[in-house]
Structure formats: C-alpha cells, structure tokens
Amino acid sequence: MSVYSFKSSKGPVFPLRSILVFFIALFGFYVCYFSFNQITLENGEKLTGEVEQTELHCRRPPIPHEQMRYVHFPTPATYDRGECACTPVRFFVIISMQRSGSGWFETLLNSHPNVSSNGEIFSVKDRRENVSSILKTLDKLYDMDWVTSAAKNECTAAFGLKWMLNQGLMEHHRDIANYLNKRGALVIFLFRRNTLRRLISVLANNYDRRTKQLNGIHKSHVHSKEEAEILARFRPKMDISTLIPSIRDAEHSMRTCLGRFSNTRHMILYYEDVIRNKNALSRVQEFLGVPVRKLSSQHVKIHTSPLPDLVDNWEDVSEMLNGTKYGRFLDDADYVK
C-alpha cells in the first residue's frame with residue numbers, strides 16, 4: 001500500500017514540468033513577437049511620417065490647382081538639389097528677335113536669385129538641326145542638367161532659355177508648341193514696337209561684327225559708357241528702297257509667331273514697356289511665380305540719341321516713312337520714358 005502510494009505521488013511530476021516549460025516558452029515567444037511587432041510598427045510609422053512630412057513639405061507652396069501643370073520638382077542626374085529638392089520650378093522660354101532688347105532683359109531676369117535663363121542655346125546649329133535634336137536639347141535643359149554661368153541650380157524657381165525666331169523656332173513651331181505645352185513651359189514674347197529703331201540697331205551691330213571697333217573684338221552688348229559711345233559713333237546709311245519692306249517683314253514675323261504659339265500659356269511684352277513701365281518687370285516675375293524683386297543689369301544702352309542723330313541719311317528715311325502707317329516711328333514717342 002505504501003509502495004503504491006509512493007509511485008502514485010511521483011508519477012505526475014514529469015507531465016506537469018513539461019506543461020510548465022511549454023507555457024514558459026509560449027509566453028516568451030509571445031513577448032518577443034509582440035516586442036518585434038511593436039518596434040516594426042513604430043519604425044513603419046516613423047518612416048511613413050517622414051514620407052508624409054516630405055510630401056507635405058513639397059505641397060507647402062500655395063499653388064492654385066489650375067497652375068499645377070506648370071509646376072515641377074526636377075531631379076537632375078548631374079547634381080543633388082539638396083534642401084531645395086521641394087522648391088517648385090517653373091520652366092520658361094523667352095521668344096524674341098535680334099536687337100529687341102532680349103539680351104538686356106535676360107540679364108535683368110538673371111539678377112533675380114531664383115531665376116536662371118541660359119541664353120541662346122539654339123544659336124549652335126547642331127542643336128537645331130532637326131526636331132529630334134531640338135527636343136533632345138530642351139529635355140536636357142528642362143531636366144536642369146544644363147550648366148551655364150547663369151544656372152543657379154539648387155534653389156532655382158524659374159528655369160529657361162532665350163530663343164530667337166530664326167533659330168529653328170518657326171520651322172518646327174508645331175512640334176515645339178506641343179512640347180512646351182506638354183512640359184508646362186511658360187512663354188514670354190519680347191518684341192520691339194519701334195521696328196525702325198530695331199533695324200538701325202541691326203545695321204550697326206552688323207557693321208561692328210565686320211569691323212570690330214572695340215580693340216578688334218565684336219560686342220553685341222557693352223558694359224561701360226565709353227564702349228557704348230564708341231559703337232554709337234557709327235551712323236548707318238539706310239537703303240531707302242528696302243526700308244518699308246524690311247519693317248513690314250519684321251512686323252509680319254512677330255504676328256506670325258504670336259499666332260503659331262497662341263495656344264501656349266504666355267505673356268506679351270515689349271521692349272518699350274520694360275523701359276517706361278515700372279510694373280512691367282513685376283508682372284514678369286509674378287508670371288514666373290517668383291518673389292518680386294528689384295532687378296538690375298550691367299548692360300549699357302548703345303543708341304540713346306534721338307533718331308535723326310542715328311542715321312546718316314535721316315532726311316531720306318523721314319521722307320520715305322512720312323504719310324505711311326510707319327510714320328509713327330519717326331517721333332520716337334513710344335521710346336521716350
């Protein structure tokens with residue numbers, strides 16, 4: 001009886017111990033599993049929070065819905081935009097004609113800390129050889145992988161170029177207009193009302209290109225009063241027989257350009273307006289979506305004298321234009337401040 005009692009009391013020890021070990025292991029597994037999930041959840045929430053903060057940071061600028069197609073966040077391949085990666089960038093193009101003040105206008109824009117206009121990149125013929133080369137060049141520019149002395153890169157909020165009508169623009173206008181609309185690029189038309197003054201400037205610039213009056217160097221733009229005075233000494237003799245056709249052709253080119261790119265988001269600006277109207281540059285900055293600043297340029301104007309002092313055969317020019325619709329250019333009223 002005592003032996004039976006002893007065996008009965010010792011028998012259940014091993015199953016109870018196994019059950020206890022099993023529950024301890026299960027509890028330990030549960031604690032580890034819960035802790036791991038908690039850490040993963042916290043890390044996930046932290047990562048999600050960082051992504052959301054980045055997205056919120058990028059959405060921070062108050063951009064109206066209708067303008068969202070004109071706002072970009074480029075990621076250049078050649079450099080890191082760093083803290084400005086979320087700075088919204090607007091693409092633009094200045095469309096103009098030679099001797100219409102576009103060089104001076106571009107330097108004004110580039111004096112703004114957030115604007116980079118990269119010059120006449122299509123003055124190089126290889127870049128405008130055909131539509132493919134034009135679009136490839138534009139892709140590189142608007143990806144912000146175009147490095148020039150004007151490029152401010154990281155914190156640029158408006159990025160563009162200057163494009164003359166005779167640099168492949170008009171020949172491929174449909175493809176270019178479609179591309180500009182697809183990329184959401186803003187267009188600034190800059191022309192000159194007084195096409196007579198523009199023609200005089202063209203003739204004077206062509207003369208200096210041949211003679212290189214400034215110590216054997218041709219300069220389309222100057223940065224000192226002394227250089228400007230030297231270039232202004234030349235007074236072209238205008239061909240009376242081609243005067244009106246030349247003015248007519250220039251005005252026709254401007255009208256044609258405005259018509260062909262009328263479906264783009266654009267503004268029309270005239271050189272005379274920039275000179276006379278203090279608000280003209282403010283409107284341009286607002287159009288580009290950058291803070292309005294006082295802009296400046298190192299360019300010095302070459303031809304500042306009244307029209308009769310700029311042309312060798314002014315009496316012939318005056319007689320030819322008087323009584324025509326181009327006679328309005330003779331009084332120079334649209335140029336004087």
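How do the residues of the lining of the largest pocket divide into nonpolar, polar and charged? There are 16 nonpolar, 13 polar and 11 charged. Ala, Val, Leu, Ile, Met, Phe, Trp, Tyr, Cys and Pro count as nonpolar, Asp, Glu, Lys and Arg as charged, and the others, Gly among them, as polar.

## Model and conventions

This is a predicted model, in which local features need pLDDT of at least 70, side-chain atom pairs count only at pLDDT 80 or more, and totals for chains, interfaces and linings use all residues. Residues are numbered from 1 along each chain as its sequence is written, and side-chain values use heavy atoms, with hydrogens and water left out.

## Overall make-up

The protein has 12 helices and 5 strands. These are DSSP runs numbered from the N terminus: helices are H or I with at least four residues, strands E with at least two. Of the 337 residues, 42% count as buried. Buried means under 20% relative accessible area, exposed over 50%, and partly exposed in between (1.4 Å probe, protein chains only).

The accessible surface comes to about 19,300 Å². Carbon and sulfur atoms account for 55% of that surface. The areas come from the Shrake-Rupley method with a 1.4 Å probe; for residues, only the protein chains shown count as cover.

## The largest pocket

Rolling a probe the size of a water molecule over the atoms shows where empty space is left. The search uses a 1 Å grid over the protein atoms alone. A pocket is an open set of points with protein on both sides within 12 Å along at least five of seven lines. A cavity is a set of points where a 1.4 Å probe fits but cannot get out. Lining residues have an atom within 4 Å of a point. Grid points are joined across faces, edges and corners, and a volume is the space filled by probe spheres set on the points.

The largest pocket holds about 940 Å³ of space. Its lining counts 40 residues, and G101, W104, Y271, H299 and K301 lie nearest the centre. Elements giving two or more residues to this lining are α3, β3 (158-164), α5 (165-169), α7 and α10 (271-276). Helix α7 gives the most, with 8 residues.

## The cavity

The structure holds 1 cavity of 30 Å³ or more. The largest cavity has a volume of about 80 Å³. Its lining consists of R99, S201, A204, N205, D208, Q213, K219, S220, L231, I302 and H303. By class, that lining has 3 nonpolar, 5 polar and 3 charged residues. Helix α7 (residues 195-211) again gives the most, here with 4 residues.

## Covered strands

Strand β1 (residues 90-96) has 7 of its 7 residues buried. R90, F92, I94 and S96 point one way, and F91, V93 and I95 the other. In a regular strand the side chains alternate between the two faces of the sheet. Two strands pair if DSSP finds at least two bridges between them. β1 runs parallel to β3, joined by 7 bridges; V93 has L161 of β3 as its bridge partner. β1 also runs parallel to strand β4 (residues 186-191), with 5 bridges. There F92 partners L186, and I94 partners I188.

In β4, 6 of 6 residues are buried. L186, I188 and L190 cover one side, with V187, F189 and F191 on the other. β4 joins strand β5 (residues 266-270) through 5 bridges, and the two run parallel. V187 stands opposite H266 in β5.

Why is helix α3 (residues 102-110) largely enclosed by the rest of the structure? Because 7 of its 9 residues are buried. They are S102, G103, F105, E106, L108, L109 and N110.

A150 sits in the loop between α4 (131-142) and β3. At 16% relative accessibility, A150 counts as buried. Beyond its neighbours within four places in sequence, A150 contacts N110, S116 and S117. A150 and T107 are 43 residues apart in sequence, yet 9.1 Å apart in space, C-alpha to C-alpha.

D331 lies in the segment after α12 (314-321). With 54% relative accessibility, D331 counts as exposed. Its C-alpha atom is 8.3 Å from that of L307, 24 residues away along the chain.

How values were computed. Contact means heavy atoms within 4.5 Å.
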